[in-house]
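Here are my notes for your first read of this model. Keep the sequence beside you and follow the points in order.

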Amino acid sequence: MIAWTRLLAALTFALTATLAHAGDPNDVPGTADHPQVTRFPNFHLDTSAQSDYNEFAFPVKGNQTTTKGGKHWVIDYVLNEGARAPSQAELVKNYENAFKKVGGALVFRGPYGNEATYRQPMDGGGERWMLLHVTSDFRYTVTIVDVAPMEQKLEFDAGQMAEAIKKNGFVALNGILFDTGKATIQGESQPLIAEMVTLLKNDPSLKLTVVGHTDNVGDKKANLDLSKKRADSVMRALVAGGIDAKRLKADGKGDTQPSSDNRTEEGRAKNRRVELVKA
């Protein structure tokens, strides 16, 4: 009898776990939840996007934000037709309780009650940050960053850059990362900077214009100024690597020459780039 009771309990647990992770039949094909952050009941997935590394500014107090970088998700949920619509307060409190159960907490709730920031420590180090944004009674969005250093993936080596410049007259690089809103090059960009130095040393006759580009978020003049400052920063890094400054020029185009759709986060990330253009 005891053995049968234990077996029944195990089967019940397994079925419950399966249902907890099962998708809704209304989920849009190709979408996915975050693997550890579950949705509110009776909502289905409308859109989702995930990247290995991105940054997001989380509201933490008044107009203050803190920018976190790591594995990044943006997920939109829509209420199923005929289901009861929860209040904004119910959604916010539900996620607050879920984060508390795993050692996390509510960090900030917006003045209008429809936005909340949460944080939790993760096993093995690092932390998870999430912004909940309720756009109506039937739709909400979560933006999640599992904070970790970016895993460096060398976008181009010197030889590949040389081939692209020979073929197209330029090469576009998304691997030169800057502090948000600044021209300070982040440390994880140094391997790509080193390859750029090698490119120029391998071909002493090559002269380049370093061109900065931004997405369309913010003021156009500020974007133009920022793109020029970032190009200057890259040029200075190349000179510091031993390249003659006479072989280099710096320019910035701001948000005037997008390479991708600025309406999506993925497109905006691609537009934040540095191009090496043969002079």
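1. Start with helix α2, residues 88-101, in this predicted model. The helix has 14 residues. From its first C-alpha to its last, α2 reaches 20 Å, close to the 20 Å expected at 1.5 Å a residue.

2. Which residues of α2 are buried? They are L91, V92, Y95, E96 and F99. Buried here means under 20% relative accessible area. Seen down the axis of α2, these buried residues fall within an arc of 130°, so they line one face of the helix.

3. Next, ask what that face meets.

4. Now take β3 and β4. They run antiparallel and are joined by four bridges. F108 stands opposite T117 in β4, and R109 stands opposite A116 in β4. In a regular strand the side chains alternate between the two faces of the sheet. The hairpin of β3 and β4 has five residues between the strands. In this hairpin, G113 takes a positive phi near 80°.

5. Move on to β4 and β5. Seven bridges pair them in the antiparallel sense. E115 has H133 in β5 as its bridge partner. These strands also form a hairpin, with five residues between them. G124 sits in the turn and has a positive phi of about 85°.

6. Turn to the sheet that holds β7 to β10. It is open, with four strands in the order β7-β10-β8-β9, and its pairing is mixed. Why is one side of β7 and of β9 left without a neighbour in the sheet? β7 (170-173) and β9 (248-252) stand at the edges and have a single partner strand each, so one side of each has no neighbour there. On average, neighbouring strands of this sheet are turned by 20° against each other, direction ignored.

7. Strand β8 (residues 208-212) and β9 run parallel, joined by five bridges. V211 has D251 in β9 as its bridge partner. Strands of a sheet pair through backbone hydrogen bonds, either parallel or antiparallel.

8. Finish with helix α3, residues 158-168, which packs on this sheet. The helix touches β7, β8 and β10 (274-278). Its direction makes about 130° with that of β7.

Technical notes
Residues numbered from 1 in each chain as written. Predicted model: local features only at pLDDT ≥ 70, side-chain atom pairs only at ≥ 80, totals over all residues. Heavy atoms only, no water. Pairing = 2+ DSSP bridges. Helix = DSSP H or I, 4+ residues; strand = E, 2+ residues; numbered from the N terminus. Axes fitted to C-alpha atoms, helices over the stretch in contact; angles between N-to-C directions. Contact = heavy atoms within 4.5 Å. Expected span 1.5 Å × (residues − 1). Buried < 20%, exposed > 50% of the residue type's maximum accessible area, 1.4 Å probe, protein only. Arc of directions from axis to C-beta.
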